[in-house]
Amino acid sequence: MDETTYALIRFQEPGDSKARSGLLVGDRVLPLDSDINSLIEHWDSMETELDSLAASAGGDTGLDRAAVEILAPVEPAQVLQTGANYRKHVIDLAVAHREAGQDAEEVRAKTAAMMDKRAGQGTPYFFIGLPTAVASATDDLTLPSYSTSHDWELELAAVIGKTAFRVTPEEALEHVFGYTMVNDITTREYVFRKDMPAIGSDWYRAKNAPGFLPTGPLLVPAKFFGDPQDVQVTLKLNGQAMQDESTQDMIFGVAKLVSEASQIMPLRPGDLVLTGSPAGNGQHWGRLLQDGDVMEGTITGLGTQLIHCKDETTTESSKQ
């Protein structure tokens with residue numbers, strides 16, 4: 001008998017402010033007593049029970065998915081983000097920012113050779129995100145009024161299942177519980193500090209406003225997800241595909257990312273490791289987020305995000 005597949009979610013029932021964990025089996029939600037991080041941490045002892053619960057789910061078991069509010073499926077203590085990890089994305093950026101007089105194809109070829117060398121000999125580029133930026137896959141995104149340069153970056157995210165500290169790439173995926181989807185919103189004009197060029201990037205201001213990490217809707221255990229290096233990352237803006245790339249284009253795969261991140265800091269159950277975003281963000285298209293935009297994000301097997309964008313000034317006016 002084939003194993004019943006399921007995902008983990010966090011949800012709220014109507015009129016109840018308490019967040020709960022659950023199994024999503026088809027369109028049925030099976031409530032669980034443990035919080036999401038406890039489920040992840042104690043997976044070894046609970047997996048068989050949850051497998052059996054999922055297998056017993058019938059047409060009227062649990063709750064109807066449409067009757068509950070789906071929250072972000074994780075509550076990470078730490079969020080690690082990865083920069084410049086898709087080959088085509090980095091090449092496109094190099095071409096876009098080439099110096100006057102430089103031939104585009106020469107820059108493209110030179111950058112491609114550099115990325116191939118980096119994949120074999122280099123190390124990933126990490127920075128820290130804040131858990132307070134995590135939002136659900138359907139929460140409205142308020143575009144802060146201090147800028148008009150807010151951008152999208154849809155990403156596959158690994159969710160740590162077992163504490164990982166200085167693990168090898170060969171060991172790394174044993175420490176991954178599963179996968180979810182994150183849209184890493186970025187305020188472009190804040191990425192680099194023009195007043196402090198020697199310091200460089202300012203990821204705090206660029207990426208950590210409320211709601212800047214729409215996450216979920218699903219947390220899919222690794223055993224149901226398959227190969228993380230062979231899924232499609234697609235983001236549509238108002239129905240038009242802007243990002244549409246396979247994770248095969250990553251410079252460093254999930255195993256390498258988790259291993260390298262663990263060399264400096266212990267990764268704990270429930271932590272998020274974002275894996276970078278493919279080509280096709282707003283900066284590439286010369287079209288950044290605006291009031292009224294709708295982003296639809298999908299990654300193979302991880303459900304759909306649907307994010308409506310609203311200017312902060314519009315949101316404040318509606319409250320008055």
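Reader: What do the buried residues of helix 8 pack against?
Author: In this predicted model, the buried residues of helix 8 pack against strand 6, strand 7, strand 11, helix 5 (169–172), strand 12 (176–183) and strand 18. Contact means heavy atoms within 4.5 Å. Helices (H or I, at least four residues) and strands (E, at least two) are DSSP runs, numbered from the N terminus.

Reader: Which residues of helix 8 are the buried ones?
Author: They are V254, A255, L257, V258, S259, A261 and S262. Helix 8 spans residues 254–262, and seven of its nine residues are buried. Buried means under 20% relative accessible area, exposed over 50%, and partly exposed in between, with a 1.4 Å probe and protein chains only.

Reader: Why do they point two ways?
Author: In a regular strand the side chains alternate between the two faces of the sheet.

Reader: How does strand 6 pair with its partners?
Author: With strand 7, strand 6 (residues 79–83) runs antiparallel, joined by five bridges. Q81 has F127 as its bridge partner there, and L80 stands opposite I128. With strand 18 (residues 272–274), the pairing is parallel over two bridges, and V79 is partnered by L272.

Reader: New topic. Which residues touch the most other members of the largest nonpolar core?
Author: L23, L141, L156, L267, L289 and M295, out of 72 residues. Such a core is a set of buried Ala, Val, Leu, Ile, Met, Phe, Trp, Tyr and Cys residues joined through side-chain atoms within 4.5 Å. Strand 11 (residues 154–160) gives the largest share, six residues. Domain 1 (7–71) and domain 2 (79–311) each supply at least three residues, with bounds from an automatic or database domain assignment.

Reader: And A206, where is that?
Author: A206 is in helix 6 and is buried, with a relative accessible area of 0%.

Reader: What does A206 touch?
Author: Leaving out residues up to four places away in sequence, A206 touches I185, T186, T187, Y190, V191 and F212.

Reader: How far is A206 from I264?
Author: They are 24 Å apart in space, C-alpha to C-alpha, and 58 residues apart in sequence.

Reader: Last one. What are the edges of the five-strand sheet?
Author: The order of that open sheet is 4-3-2-1-5, with antiparallel pairing. Its edges are strand 4 (63–64) and strand 5 (69–71), each with a single partner strand, so one side of each is left without a neighbour in the sheet. Strand 3 (residues 28–32) joins strand 4 through two bridges, with V29 opposite L63.

Definitions and conventions: Residues numbered from 1 in each chain as written. Predicted model: local features only at pLDDT ≥ 70, side-chain atom pairs only at ≥ 80, totals over all residues. Heavy atoms only, no water. Pairing = 2+ DSSP bridges.
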